[in-house]
Amino acid sequence: MESAILFEKLKEKFPQAIKGSTDRFGQLEIQLEAKAVPNVIAFLRNDSELGFNMLIDIVSIDYSAYPDWKEDRFGVVYLLKSLTLGHRAQLKVMVSESNPEIPTISHLYANANWLEREAFDQIGIRFEGHPNLKRILNHHEFVGHPLRKDYPITRRQVLSANESLMDEMTVRLKEKGWE
Amino acid sequence: MGVESLPILTTRKDAVLAWGQKNSLWPMPFGTACCAIEFMSVVSSVFDIARFGAELVRFSPRQADLLLVAGTVTFKQGPILKQIYEQMPDPKWVISMGVCASSGGFYNNYCTVQGIDQIIPVDVYISGCPPRPEAILEAIIKLQHKIENPHTTPVAQYKAKEPHFDF
Amino acid sequence: MIDNFDTKTLLPVRSSQGLDSLKHQEKKDLVLVNLGPSHPASHGTLRAFLALDGETIAAAVTEIGYLHRGFEKDCEAHTFQQCIPYTDRLNYVSAIMNNVGFCKAVERMLRVEVPERAIYIRVITNELNRIIDHLVCAGANLVDIGALTNFWYSFNVREKVYNILEKLCGARLTSSYTRIGGLSRDVYPEFAAEVKAVLKEIQLGVNDVQKLVSNNRIFLDRTKDICVISKERAISYGWTGPTLRACGVEYDLRKSDPYYHYEDFKFDIPVGSVGDTYDRIFIRFYEIEESIHIIEQALGKMPKGPIITDDKRVALPPKQQTYGNIEGLMNHFKIIMHGICPEPGEIYDFTEAANGELGFYIVADGGKNPYRVKCRPPCFMNFAAFGEMIEGTMVADAVATLGSINIIAGELDR
């Protein structure tokens, strides 16, 4: 399905949530509202004509140093792919600096758990309802979000001791029935 | 009666110990990144580190005497490197392989330690990104020379209690 | 007479509480152990925190980030051309594939055409890198299982390929061979003959390894039906590449979204059936053979011609012009100092790397540095599933599985 037809279909089903579209070198990027993300993506995954069964990536971008940028500061791009039908989708959500929150999609795709943790770690976007929103790439004593444009690249932060991971382990043991 | 029939050999204790240590360096490869792949090539049969007696790579620090840090060390990995170094028994030597381990490489950013000598003392530095296997073999030879001549090339003593970082 | 006895008394008692099922035992029987981050079988710096019940893994929690080297922040601080060596060190066992992935995205953004000769050389070097990546993965995995000889067989073959790559690019491992718009230099005269000779060596090496392991009782017991993952779960985790094909999903970007004339090459995609460790290892051997076919066809079709685009905004002029006349010098100066400045925009482009879909999402703001580069690493998705995959199996199985999903820490943590 061409991305333009996909846009029309989404606009029909979610008229308030879909805000616009931009052409990105042949792939149409569909802009939507943060609150509608789980519903739209669940529809994209479950609908038989669309069948987007794979989440390719979640890209978080800090637009604060972009020339002549007037909109919200952070952008999050969801890249989806349908293995059965072969098409791709690109959805973008803009969130502001004062309230960088998006509902999680970790119940829809298993890799969204780690991808959202990375977006939180590097840029600072909070995902509501995420089971374990912790840092994943930087160490646990790191303060700040390094990929933000106001974080200087050479500001180093020393780690004194690695974390023990017992918090995650107790949760996991409980899930597996070991309590 | 010639010298060959004497059943005793005299030498200095240091010379014998140094000869034994330098020909049986057991490396512990602390391989983190791309340099670890070049180290795997050195261990393989084309470049053959076994001719230096160093083919017994020991992944337990308690059984090794040469810590070969191959690859970038990040701040998250720093405490682990310190702990592994402290678990090795004396006498021990450290070779810092590649520019990332020696000085941070071209990763001058928020997460990379700019050289492992900010955490542990280093005996030989190898430059290269990654260094050729021949460079690693040369470093082993330099280290062997250092072991044999400890008074002219002093081996670093670990004095610092806390890691020292200057930014 | 041995009837009317209570069979329960003959079974071994598991704990002081008698014959309760494992689930209701107290946690005091669990041993907590770290697999990594400094561990011989962890292939780089990964950490798996395990709770063991005897030898079986009751629960596993994984942690990454020990090799997070700030690739994305570094790309923002350097020009587009300067990002190419950073991309080398992502998946460092198949460095040219990352170079090609990045340059392909930037070239699409700039709308420049790469010359045909450069495309075919990129395909040949990509497939050679895919072969050496699979050889490292299989060799290291077999070492973890205990089959040490295969490591020597694989690495000797890799040395021969390294000789070719060294003559071609100047470096064995981190090549930085591509440039935006083409390649940095042309192939040397004996390239085609040497590549054909090395393909024969590769085939012999793979045959040797297969002879040793395919009917080996120990290998089969250690890999068949170990850590099986279902198709649906693998797709939900975003797996692509050989690990997904081992689960039975026929999905290869070279066939579904072809680029660089892959639609003209005749090759098959090996697909596994069960999704266990055996499938994940053996699929790589079959992929090596398919890559050999692709290289042979590409060598035959490679045309003569330039190896970099003649677009003056993008490609450095030839050295005779740089040193010969003032326009060439100014052109060279402008590209190096002021950089290649694409129009403001965003693009996501992907290639089929050795581990799966390697994608780059690049945001350009019209300046010489990229505004944001996000690398979509295939082994990030592979490792996300690892914790779930190993629960219920033994530690030795976890080690065998970790090798089979081919984690390269440089790409995982970026």
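The chat below goes through a predicted model with chains A, B and C.

Trainee: What does the secondary structure of chain B come to?

Mentor: Chain B has five helices and four strands. Along the sequence they follow the pattern α-β-α-β-α-β-α-β-α.

Trainee: And how much of chain B is buried?

Mentor: Of the 167 residues in chain B, 46% are buried.

Trainee: What about contacts across the sequence in chain B?

Mentor: Take the contacts in chain B with a separation of 6 or more: 79% of them are between residues 24 or more positions apart.

Trainee: How many residues of chain A and chain B make up their contact?

Mentor: Chain A gives 13 residues and chain B gives eleven residues. On the side of chain A that touches chain B, five are nonpolar, six are polar and two are charged.

Trainee: Over to the sheet in chain A, then. What is the strand order?

Mentor: The order is β1-β2-β5-β4-β3 in chain A, an open sheet of five strands with mixed pairing. At the edges are β1 (18–24) and β3 (54–62) of chain A, each of which pairs on one side only. On average, neighbouring strands of this sheet are turned by 25° against each other, direction ignored.

Trainee: How do β2 and β5 of chain A run, parallel or antiparallel?

Mentor: Strand β2 (residues 27–32) and strand β5 (residues 88–95) of chain A run parallel, joined by four bridges. For a specific pair, A:Glu29 has A:Gln90 in β5(A) as its bridge partner.

Trainee: Which strands does helix α1 of chain A touch?

Mentor: Helix α1 (residues 3–13) of chain A packs on the sheet and touches β1, β2 and β5 of chain A. The direction of α1 makes about 20° with that of β2(A). Helix α3 (residues 112–122) of chain A packs on the sheet too, touching β3 and β4 (74–81) of chain A. The direction of α3 makes about 5° with that of β3(A).

Trainee: Where is A:Leu165?

Mentor: In the loop between β7 (126–128) and α4 (166–175) of chain A. The phi of A:Leu165 is near 65°, a positive value in a residue other than glycine.

Trainee: Why does A:Leu165 count as partly exposed?

Mentor: Because A:Leu165 has 19 C-beta neighbours inside 10 Å, and a residue needs 20 or more to be buried.

Trainee: Which residue in chain C has a phi near 55°?

Mentor: C:Tyr260, again a positive value in a residue other than glycine. C:Tyr260 lies in the loop between α10 (253–256) and α11 of chain C. C:Tyr260 is buried, with 20 other C-beta atoms within 10 Å.

Trainee: And C:Glu327, buried or exposed?

Mentor: Exposed, because C:Glu327 has 12 other C-beta atoms within 10 Å. C:Glu327 lies in helix α13 (residues 326–338) of chain C. C:Glu327 and C:Pro317 are ten residues apart in sequence and 9.6 Å apart in space, C-alpha to C-alpha.

Trainee: At what angle do α5 and α6 of chain C pack?

Mentor: Helix α5 (residues 149–169) and helix α6 (residues 191–213) of chain C pack at about 170°, with their axes 9 Å apart. So α5(C) is roughly antiparallel to α6(C).

Trainee: Which residues make that contact?

Mentor: From α5(C) they include C:Tyr153, C:Val157, C:Val161 and C:Ile164. From α6(C) they include C:Val195, C:Val198, C:Ile202 and C:Val209. The residues of the contact divide into twelve nonpolar, four polar and four charged.

Trainee: Last one: how many residues of α16 in chain C are buried?

Mentor: Eight of the ten residues in helix α16 (residues 395–404) of chain C, which is mostly covered. Among the buried residues are C:Asp397, C:Val399 and C:Leu402. The buried residues of α16(C) pack against β1 (31–35), β3 (56–63), α4 (116–145), α7 (217–223), α11 (277–301) and α15 (386–390) of chain C. Just after α16(C), C:Asn406 has a positive phi of about 50°.

Technical notes:
Residues numbered from 1 in each chain as written. Chains lettered and ligands numbered in written order. Predicted model: local features only at pLDDT ≥ 70, side-chain atom pairs only at ≥ 80, totals over all residues. Helix = DSSP H or I, 4+ residues; strand = E, 2+ residues; numbered from the N terminus. Contact = placed C-beta atoms within 7 Å. Nonpolar A, V, L, I, M, F, W, Y, C, P; charged D, E, K, R; others polar. Pairing = 2+ DSSP bridges. Axes fitted to C-alpha atoms, helices over the stretch in contact; angles between N-to-C directions. Parallel < 35°, antiparallel > 145°, perpendicular 65-115°, else oblique.
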